[in-house]
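Open the structure in your viewer and keep the sequence beside it. The stops below say what to select and what is there.

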Amino acid sequence: MSTPLADTTNPDLDLLYAVNGLAKRSPQWLDHMVSWVGEYGILIGLAMLGLVAWLQARRRPDAPVAMAGLLWVPISVALAELANLPIAAIVDRPRPFVDHPGLLVLVDGKAGTHSFVSDHSTMTMGVAVALFLVNRRLGWIAGGLAVLQGFCRMFMGVHYPTDVIGGFALAVAVVLLLAPIAMAVLVPFCHALSRTAVAPLIRAPERGGAARAGTGTGTGPRGRRRGRGAVRTGEQPPESDLAA
């Protein structure tokens with residue numbers, strides 16, 4: 001006689017089998033592509049987004065503040081990964097294919113490592129949230145890549161859905177909770193760097209500054225020949241520079 005408990009299912013395992021089942025029904029070339037994307041491709045894409053964010057941040061009026069936010073991206077990811085070490089050791093959850101041999105595993109070398117929480121999911125969501133604080137458009141793109149990363153890890157058969165969700169939660173907590181402290185340190189640090197030889201890394205050099213300075217110098221002699229009105233004209237270049 002069946003009991004209600006006998007009819008219950010495990011949503012975590014059911015979703016894993018559903019997503020990993022797609023790998024079993026997919027052609028081999030697609031499995032290889034998803035494996036590469038899930039292991040390396042998304043991380044490379046996030047690095048490219050970081051480069052775009054840096055190029056844009058250098059041209060912002062608040063460039064040192066924006067650069068401080070970008071510095072927080074890799075720092076927060078490193079802190080989240082460090083926080084994951086004791087969590088993984090305490091939970092000590094084996095990879096799903098250890099207890100469920102029916103799964104199709106698309107990558108080697110994962111046996112003997114912890115499943116909870118997903119390092120890749122933690123890393124990608126950490127980048128997405130920290131980048132969103134600096135550039136919302138790029139942050140949304142990174143967030144989409146983070147969700148895709150979680151899907152790929154289940155497709156590859158190396159993580160449960162709760163491993164992915166746990167990685168997302170850990171990343172969000174570390175980035176947002178520690179951001180005020182980090183910015184209190186990083187903003188003055190970037191302002192100080194903007195006054196050193198590495199200033200071009202923090203703020204993009206202004207274009208046309210030398211040309212405008214040369215124009216202002218050339219008007220000086222004519223201003224003296226034309227009298228009072230020309231002197232007033234000679235006093236206006238700084239104001240026009242600000243308008244540019």
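## The second pocket

H3 and H5 each supply at least two residues of the lining of the second largest pocket. Helices here are DSSP runs of H or I with at least four residues, strands are E runs of at least two, and both are numbered from the N terminus. The model is predicted: local features need pLDDT of at least 70 and side-chain atom pairs count only at pLDDT 80 or more, while totals for chains, interfaces and linings use all residues. Residues are numbered from 1 along each chain as its sequence is written, and side-chain values use heavy atoms, with hydrogens and water left out.

Select Asn-84, Arg-95, His-114, Val-117 and Asp-119, which lie nearest the centre of the second largest pocket among its 13 lining residues. A pocket is found on a 1 Å grid over the protein atoms alone, as an open set of points where a 1.4 Å probe fits, with protein on both sides within 12 Å along at least five of seven lines; lining residues have an atom within 4 Å of a point. The space in this pocket is about 190 Å³. Such a volume is the space filled by probe spheres set on the points, and grid points are joined across faces, edges and corners.

H3 gives the largest share of this lining, three residues. By class the lining has three nonpolar, six polar and four charged residues. Ala, Val, Leu, Ile, Met, Phe, Trp, Tyr, Cys and Pro count as nonpolar, Asp, Glu, Lys and Arg as charged, and the others, Gly among them, as polar.

What kind of peptide bond joins Phe-116 and Val-117? The bond is cis, with omega about -10°. Most peptide bonds are trans.

Now select Leu-170 in helix H7. Leu-170 is 53 residues from Val-117 in sequence, and their C-alpha atoms are 8.5 Å apart. Leu-170 counts as buried because its relative accessibility is 13%; buried means under 20% relative accessible area, exposed over 50%, and partly exposed in between, with a 1.4 Å probe and protein chains only. Leaving out residues up to four places away in sequence, Leu-170 touches Ala-80, Ala-83, Asn-84, Ile-87, Val-117 and Thr-122. Contact means heavy atoms within 4.5 Å.

## The largest pocket

Next, select Leu-43, Leu-46, Ala-47, Leu-49, Gly-50, Leu-70, Val-73, Pro-74, Val-77, Met-123, Val-127 and Leu-131, the lining of the largest pocket. The volume of this pocket is about 250 Å³. Helix H2 (28–57), helix H3 (63–91) and helix H5 (119–132) each supply at least two lining residues, and H2 has the largest share with five. The lining holds 11 nonpolar residues, one polar residue and no charged ones.

Move to Asp-92, in the loop between H3 and H4. Asp-92 is not a glycine, yet its phi is positive, near 50°. Most residues other than glycine have a negative phi. Asp-92 is partly exposed because its relative accessible area is 49%.

His-100 is in the loop between helix H4 (96–99) and H5. Is His-100 buried or exposed? His-100 counts as buried because its relative accessibility is 19%. Its side chain makes a polar contact of 3.4 Å with the side chain of Tyr-160. A polar contact is a pair of N or O atoms within 3.5 Å; within protein, one must be able to donate a hydrogen and the other to accept it, and residues adjacent in sequence count only if both atoms are side-chain atoms. Apart from neighbours within four places in sequence, His-100 is in contact with Leu-13, Tyr-17 and Tyr-160.

## Helix H6

Select residues 136–155, helix H6. H6 has 20 residues and spans 28 Å from its first C-alpha to its last, close to the expected 28 Å; the expected span is 1.5 Å times one less than the number of residues. At the N-terminal end, Asn-135 caps H6 with a side-chain oxygen 3.2 Å from the backbone nitrogen of Arg-137. The buried residues of H6, including Leu-138, Ala-142 and Phe-155, pack against helix H1 (11–25), H2, H5 and helix H7 (161–193). Just after H6, Gly-157 has a positive phi of about 80°.

## The whole protein

Finally, zoom out: the protein has 11 helices and zero strands. Of its 244 residues, 39% are buried.
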